[in-house]
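Please load the model in a viewer and keep the selection tool at hand.

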Amino acid sequence: MSQLKDIYTSTFLSDFADSVISYQPNFPKALFLNDIFSNEWESLSLRQRMKKIATLLGKYLDGSYEEQLPIILKLHEQNRGFNYLFLPDFVSIYGLTDSHFDLSLDYLKRLTPYSSSEFAIREFILKDSDYVLKLLIQWSLDENEHVRRLASEGSRPTLPWGVKLDVFNNNPLLTLPILEYLKNDSSLYVRKSVANHLNDLSKKHPDFVVETSKRW
């Protein structure tokens, strides 16, 4: 029986490499594919495969990180959906330095409509939760529903497949402003994220979630 991680077939990745070549003609497709499928590939989980693809993409793209980002954005505009979550991952792998922090967060915001930056942004929260939380509260008021959803989904304490955010799980009051802004959002896509966020919090803070739900 095939598993979700098997979406990354040789055909899929070959086609993706062709997309890269359309923006960077000297991209070494053969080396990229050989590195992806080398050694431990079969044993990797879905998220590990995504991160490996993103890491090797950065290895073989020409230019600095700042020069690579516009190509990543163009690639994601062209290739959309769950299968391309490795494109936001690229930002979390290569863009966590202090000098790139704000630029990277801006690109995660720009990338999220094409798949989701909900996994990638968690690495930035781990590095500076206070700073990123303030930004997410701002994003919860954004005109784009995908950005608003990222504010809630990206800060979920125990997002499946994502790294846990103990800082938010230990204190549910921190992300409450985001949920307050989004609880009556016009988008069901966003409201479902609020419900999932509350469900995460209920595991450790059931009374808080009950009280909040009653108040709403």
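In which helix does A54 lie? Select helix α3, residues 46-60, which contains A54; helices here are DSSP runs of H or I with at least four residues, numbered from the N terminus. The model is predicted, so local features need pLDDT of at least 70 and side-chain atom pairs count only at pLDDT 80 or more, while totals for chains, interfaces and linings use all residues. Residues are numbered from 1 along each chain as its sequence is written, and side-chain values use heavy atoms, leaving out hydrogens and water.

**A54 and its surroundings**

A54 counts as buried because its relative accessibility is 0% (buried means under 20% relative accessible area, with a 1.4 Å probe and protein chains only). Next, display F86, D89, F90, I93 and Y94, which are in contact with A54 when its neighbours within four places in sequence are left aside; contact means heavy atoms within 4.5 Å.

**F90 and the core**

Select F90: beyond residues up to four places away in sequence, F90 touches A54, L57, G58, L61, Y65, Q68, L69, I72 and G95. F90 is also one of the residues that touch the most other members of the largest nonpolar core, which has 64 residues. Such a core is a set of buried Ala, Val, Leu, Ile, Met, Phe, Trp, Tyr and Cys residues joined through side-chain atoms within 4.5 Å. The largest share of this core, seven residues, is supplied by α3.

**Helices α4 and α5**

Now show α4 (residues 65-78) and α5 (residues 86-94), whose axes come within 9 Å and cross at roughly 165°. Axes are lines fitted to C-alpha atoms over the stretch in contact, and angles run from 0 to 180 degrees between N-to-C directions. The two helices are therefore roughly antiparallel (over 145 degrees). On the α4 side, the contact is made by Y65, Q68, L69, I72, L75 and H76, and on the α5 side by L87, P88, F90, V91 and Y94.

**Helix α7**

Finally, select α7, residues 120-127, where A120, I121, R122, F124 and I125 are buried. Their cover includes α5, α6 (101-111), α8 (129-139), α9 (145-153) and α10 (166-169). Of these, α8 packs against α7 at about 130°, with the axes 6 Å apart. I121, F124, I125 and K127 of α7 meet S129, V132, L136 and W139 of α8 in this contact.

Methods:
Angles under 35 degrees count as roughly parallel, over 145 as roughly antiparallel, 65 to 115 as roughly perpendicular and the rest as oblique. Buried means under 20% relative accessible area, exposed over 50%, partly exposed in between (1.4 Å probe, protein chains only).
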